[in-house]
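The sequence and structure come first, and the description follows.

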Amino acid sequence: MQRLTLRTPDDWHLHFRDGDMLSETVPATARCFARAIVMPNLVPPVTNAQEALAYKSRIEAARPAGSQFQPLMTLYLTNETTVEDIRKAKSAGVTACKLYPAGATTNSDAAVKGITSLYPVFAEMAEQGMPLLIHGEVTESHIDIFDREKVFIDTHLIPIVNAFPQLKVVFEHITTADAAQFVTDASQNVAATITPQHLLLNRNDLLVGGVRPHNYCLPVLKRNTHQQALREAVATGSAKFFLGTDSAPHPRHKKENACGCAGCYSAWSAIELYAEVFEQLDALDKFEGFASEHGADFYELPRNEGTINLIREQWRVPDTVTLPDGTAMVPFFAGHTLNWKLEKSLVE
């Protein structure tokens, strides 16, 4: 096969950041995705409808000329979030709400402590038809970092799903066989996103031969048996799994640091990286569903009507990407050669 034609895909989980960085991150995503679920963990976080709409305007201002890219906005849940906040957000067109356990990832210090205190908010979200997006890890220091996703499922996620069967839940960036099995066995109101790094890599790629900071993300890469379980999940073609890059840009100097930050900036090669995975799995016939259909269907949004083409042409992911102020970022899979290339950007 020399060419792949896909219904124009969407990214159901990413980070744009804010300010000058938007001039890099928004075009990178808009080149091949029609829509994206935008994470709200700014500093300060996006916690109400007014802030979400203001952030949306800044993203739209950073779109390339002629781009029809649509950011889908989310609220950052805190212990101060109210039922009225949810109603206002729904009325304003906010798509979903994000649950970060406090301290789970970048800029999550303001997040939720005591998840059951938000049960009234979850009930209102179910009533409003607003999905709950979950970073599914516990953060207690005594729990091993490689076990935190499984413990979150048992301690928090199962009770949430049982208490609110009508609530749509997206288990974000799953990393374990436990998570894949949980989503598979759950009701049709539970789905998951899977990142390119968790499909392509395992913890050997983070730790063997020296720490590799540009492969460090949260949730952290797991052992190869978990990676294989995720690959098997997407290869089934199940509508419960769909594309969410968790593309998370950081300046190079903040990644290559004594306390390097978590996140893989995959936007400039995202669709090509996923194509690599599905070809490895001999499952290219399942790629369009994962990239372009399952997420839209779960969110009850129309599928995109356009198409993109990927051609079989080797190209090398650049070593660095330079921000307008001269700051360097290292993209995910920097220096690697990929076999599929986007034929024409949506923003050209």
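Arg7, Glu293, Asp297 and Arg303 are linked in a network of salt bridges, a salt bridge being a side-chain nitrogen of Lys or Arg within 4 Å of a carboxyl oxygen of Asp or Glu. The model is predicted, so local features need pLDDT of at least 70 and side-chain atom pairs count only at pLDDT 80 or more, while totals for chains, interfaces and linings use all residues. Residues are numbered from 1 along each chain as its sequence is written, and side-chain values use heavy atoms, with hydrogens and water left out.

**Salt bridges**

The structure holds 16 salt bridges.

| Pair | Closest N to O distance |
|---|---|
| Arg3 and Glu343 | 2.8 Å |
| Lys168 and Glu300 | 3.3 Å |

Arg3 forms a salt bridge with Glu343. Arg3 lies in strand 1 (residues 3–7) and Glu343 in the segment after strand 14 (337–342), so this pair ties together parts that are 340 residues apart in sequence. Helices (H or I, at least four residues) and strands (E, at least two) are DSSP runs, numbered from the N terminus. Arg3 is partly exposed, with a relative accessible area of 44%, and Glu343 is partly exposed at 35%. Here buried means under 20% relative accessible area, exposed over 50%, and partly exposed in between (1.4 Å probe, protein chains only).

Lys168 forms a salt bridge with Glu300. Lys168 sits in the loop between helix 5 (148–163) and strand 8 (169–171), and Glu300 in the loop between helix 12 (287–298) and strand 11 (307–316), so the pair ties together parts that are 132 residues apart in sequence. Lys168 is buried, with a relative accessible area of 17%, whereas Glu300 is exposed, at 62%.

Arg303 is in the loop between helix 12 and strand 11 and Glu293 is in helix 12, ten residues apart. Arg303 is partly exposed, with a relative accessible area of 35%; Glu293 is buried, with a relative accessible area of 16%.

Three strands form an open sheet in the order 1-11-14, with antiparallel pairing. Two strands pair if DSSP finds at least two bridges between them. Strand 1 and strand 14 stand at the edges, each with a single partner strand, so one side of each is left without a neighbour in the sheet. The twist averages 35° from one strand to the next. Axes are lines fitted to C-alpha atoms, for helices over the stretch in contact, and angles run from 0 to 180 degrees between N-to-C directions.

Strand 11 and strand 14 pair in the antiparallel sense over five bridges. Ile311 has Lys341 in strand 14 as its bridge partner. Helix 11 (residues 270–280) packs on the sheet and touches strand 1, strand 11 and strand 14, its direction making about 115° with that of strand 14. Contact means heavy atoms within 4.5 Å. Helix 12 packs on the sheet as well, touching strand 1 and strand 11, and its direction makes about 30° with that of strand 1.

Six strands form an open sheet in the order 5-6-7-8-9-10, and the pairing is parallel. Its edge strands are strand 5 (74–76) and strand 10 (241–243), each of which pairs on one side only. The twist averages 30° from one strand to the next. Strand 6 (residues 96–99) and strand 7 (residues 132–134) pair in the parallel sense over three bridges, and Cys97 stands opposite Leu132 in strand 7.

Helix 12 lies across strand 8, strand 9 (190–194) and strand 10, running at about 115° to strand 10.

**Helix 3 and helix 4**

Helix 3 (residues 83–92) and helix 4 (residues 119–128) pack at an angle of about 25°, with their axes 9 Å apart. That makes helix 3 roughly parallel to helix 4; angles under 35 degrees count as roughly parallel, over 145 as roughly antiparallel, 65 to 115 as roughly perpendicular and the rest as oblique. Val83, Ile86, Arg87 and Lys90 in helix 3 meet Pro120, Val121, Glu124, Met125 and Gln128 in helix 4.

**A loop residue**

Leu42 lies in the loop between strand 3 (35–38) and helix 2 (49–61). Leu42 is buried, with a relative accessible area of 10%. The C-alpha atoms of Leu42 and Glu60, 18 residues apart along the chain, are separated by 17 Å.
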